[in-house]
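Subject: Structure handover

Hello,

Here is the structure I said I would pass on. Please open it and keep it beside this email while you read the notes.

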Amino acid sequence: MFCSAEAQASVRVSPQPWLTEGESVTLICEVSGSSKGWTFSWFRDHDHLSDSSRGAGGSYTLSPAALQHTGVYTCRAERGRPAYYTHNSSSQTLWITGVSASVSLVINPSRSQHFSSDSLSLSCEDQSNSTGWTVRRYTDKDTQTCAKQTGSGCVMDSLSTYDTGVYWCESESGEKRHPRNITVHDGEVILESSVDPVIEGETLTLHCLHRSTNSPILSADFYKDGSLIQNQTTGEMNITTVSKSHEGFYYCKTERGQSLHSWISVRVRVSRSGQISVLKILSFLLAASPHLLATVVLLYKCYRARGNTFSLT
């Protein structure tokens with residue numbers, strides 16, 4: 001095996017390294033100086049990943065992502081005969097947390113981007129009234145508990161760019177729930193967008209805010225994935241009837257500066273109940289055949305008359 005000191009593999013992630021189970025994420029392995037003729041190997045926690053179908057063409061996609069996919073990922077590229085390898089890439093951590101309708105991270109002000117020196121409060125709200133949830137965060141340096149913890153909440157009086165990271169609620173047993181990305185900007189302009197995913201079919205509203213007024217700027221341009229989508233607005237942009245195609249990285253730009261990028265996630269609308277009501281079933285039977293409905297009713301009466309025991313023999 002021959003290794004190259006010049007060709008170096010690196011990993012980047014799209015859209016973000018923190019996600020909830022059921023969502024999708026892609027890791028991309030790139031080789032410096034060359035992009036053709038390489039085949040790629042992927043590793044999680046130093047173990048080789050044999051499911052190469054996920055890693056075709058230098059990308060490794062998890063769709064849907066599951067809790068067991070959490071780990072530290074690296075890649076390596078090779079080509080030629082005899083094999084010519086790059087060194088293993090630097091590591092990329094993926095964190096996948098569980099879905100929980102009862103526990104949520106409440107952020108105030110409720111947006112993903114914040115100005116430095118502003119204050120921010122976070123709290124874990126549990127609808128099941130259980131206790132023991134703590135706000136935790138992951139920054140570029142480490143994972144830690146919020147410095148100023150107040151019960152299940154966290155207060156930061158003066159934000160700095162160091163506070164940029166992912167925040168979540170963690171139980172005493174180590175369960176992680178409701179991760180949310182928070183970005184702190186020391187510039188003059190931020191993009192105001194919801195910290196939560198937008199539900200498919202709803203309206204997405206974005207504002208371009210200025211530091212001095214914390215209100216929408218009169219003239220702003222909005223971009224998605226690097227392309228201009230709306231210009232010279234009143235500092236607000238609305239996208240009605242959102243679909244999965246609207247998912248992407250958004251930012252705004254004004255004469256006073258440019259905001260950072262925020263990933264806007266779109267979640268598919270799920271029916272409140274996957275069950276069909278008895279009334280709907282009976283309505284369907286009546287429409288299909290009145291005789292069939294009568295048969296069902298008769299069988300049900302027999303079932304009740306026999307003490308809730310019933311046999312077709």
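Is Y60 buried or exposed? Y60 is buried, because its relative accessible area is 2%, and buried means under 20%. Please keep in mind that this is a predicted model.

Aromatic pairs

There are seven aromatic pairs in the structure. One of them is made by W42 and Y60, whose ring centres are 5.6 Å apart. Their planes stand at 40°, so this pair is classed as tilted. W42 belongs to strand β4 (residues 39-44) and Y60 to strand β6 (residues 59-62). The pair therefore ties together parts that are 18 residues apart in sequence. Elsewhere, W18, W95 and W168 form one aromatic cluster.

Strand β22 covers residues 220-224, and five of its five residues are buried. This strand is therefore largely enclosed by the rest of the structure. In a regular strand, side chains alternate between the two faces of the sheet. In β22, A220, F222 and K224 point one way, while D221 and Y223 point the other way. The residues on both sides are all buried.

Which strands pair with β22? One is β23 (residues 227-233), which runs antiparallel to β22 and is joined to it by four bridges. Within this pairing, F222 is opposite Q230 of β23. The hairpin of β22 and β23 has two residues between the strands, and D225 there has a positive phi near 50°. Another partner is β25 (residues 248-254), again antiparallel and with four bridges to β22. Here D221 has K253 of β25 as its bridge partner.

An open sheet

Three strands, in the order β19-β21-β24, make up an open sheet with antiparallel pairing. From one strand to the next, the twist averages 15°. β21 (residues 204-210) runs antiparallel to β24, and four bridges join the two. To find this pairing in the model, look for T205, whose bridge partner in β24 is N238.

Regards

Methods
Residues are numbered from 1 along each chain as its sequence is written. This is a predicted model: local features need pLDDT of at least 70, side-chain atom pairs count only at pLDDT 80 or more; totals for chains, interfaces and linings use all residues. Side-chain values use heavy atoms; hydrogens and water are left out. Two strands pair if DSSP finds at least two bridges between them. Axes are lines fitted to C-alpha atoms, for helices over the stretch in contact, and angles run from 0 to 180 degrees between N-to-C directions. Rings of Phe, Tyr and Trp (its six-membered ring) pair if their centres lie within 6.5 Å; planes under 30 degrees apart count as stacked, over 60 as edge-to-face and the rest as tilted. Buried means under 20% relative accessible area, exposed over 50%, partly exposed in between (1.4 Å probe, protein chains only).
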